[in-house]
Amino acid sequence: MRHIYIRVIIGVIWIVAAAACAISGKNEMAGLYGVLGAAFLYTAYTAWKKEKDDKGGR
């Protein structure tokens, strides 16, 4: 479960970095950081969902 929390924290950091870049006007980097943040959050969600399903089947 710890790896899921780490992925969420890293994903949120990337999203915050994307927002900061968007505010400063660096849209290319904001897009890149947004994609990275979304990827980390998606993998955290899928890992959480898989772990939840595995525990429910016992």
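Helices are DSSP runs of H or I with at least four residues, and strands are runs of E with at least two, numbered from the N terminus. The model is predicted: local features need pLDDT of at least 70 and side-chain atom pairs count only at pLDDT 80 or more, while totals for chains, interfaces and linings use all residues. Residues are numbered from 1 along each chain as its sequence is written, and side-chain values use heavy atoms, with hydrogens and water left out.

**Exercise 1.** Determine where Cys21 is placed, and whether Cys21 is buried or exposed.

*Solution.* Step one: Cys21 belongs to helix H1. Step two: the cut-offs are under 20% relative accessible area for buried, over 50% for exposed, and partly exposed in between (1.4 Å probe, protein chains only). Step three: Cys21 has a relative accessibility of 14% and therefore counts as buried. Step four: with contact taken as heavy atoms within 4.5 Å, Cys21 touches Lys26, Met29, Ala30 and Tyr33, residues up to four places away in sequence not being counted.

**Exercise 2.** Describe how the axes of H1 and H2 are arranged.

*Solution.* Two packed helices are described by the angle between their axes and the distance between the axes. Step one: axes are lines fitted to C-alpha atoms, for helices over the stretch in contact, with angles from 0 to 180 degrees between N-to-C directions. Step two: the axes of H1 (residues 2-24) and H2 (residues 27-56) come within 7 Å and cross at roughly 160 degrees. Step three: angles under 35 degrees count as roughly parallel, over 145 as roughly antiparallel, 65 to 115 as roughly perpendicular, and the rest as oblique. H1 and H2 are therefore roughly antiparallel to each other.

**Exercise 3.** Which residues of H1 and of H2 are buried, and against what do they pack?

*Solution.* Step one: in H1 the buried residues are Ile4, Gly11, Ala18 and Cys21, and they pack against H2. Step two: in H2 they are Ala30, Tyr33, Gly37, Ala44, Ala47 and Glu51, which pack against H1.
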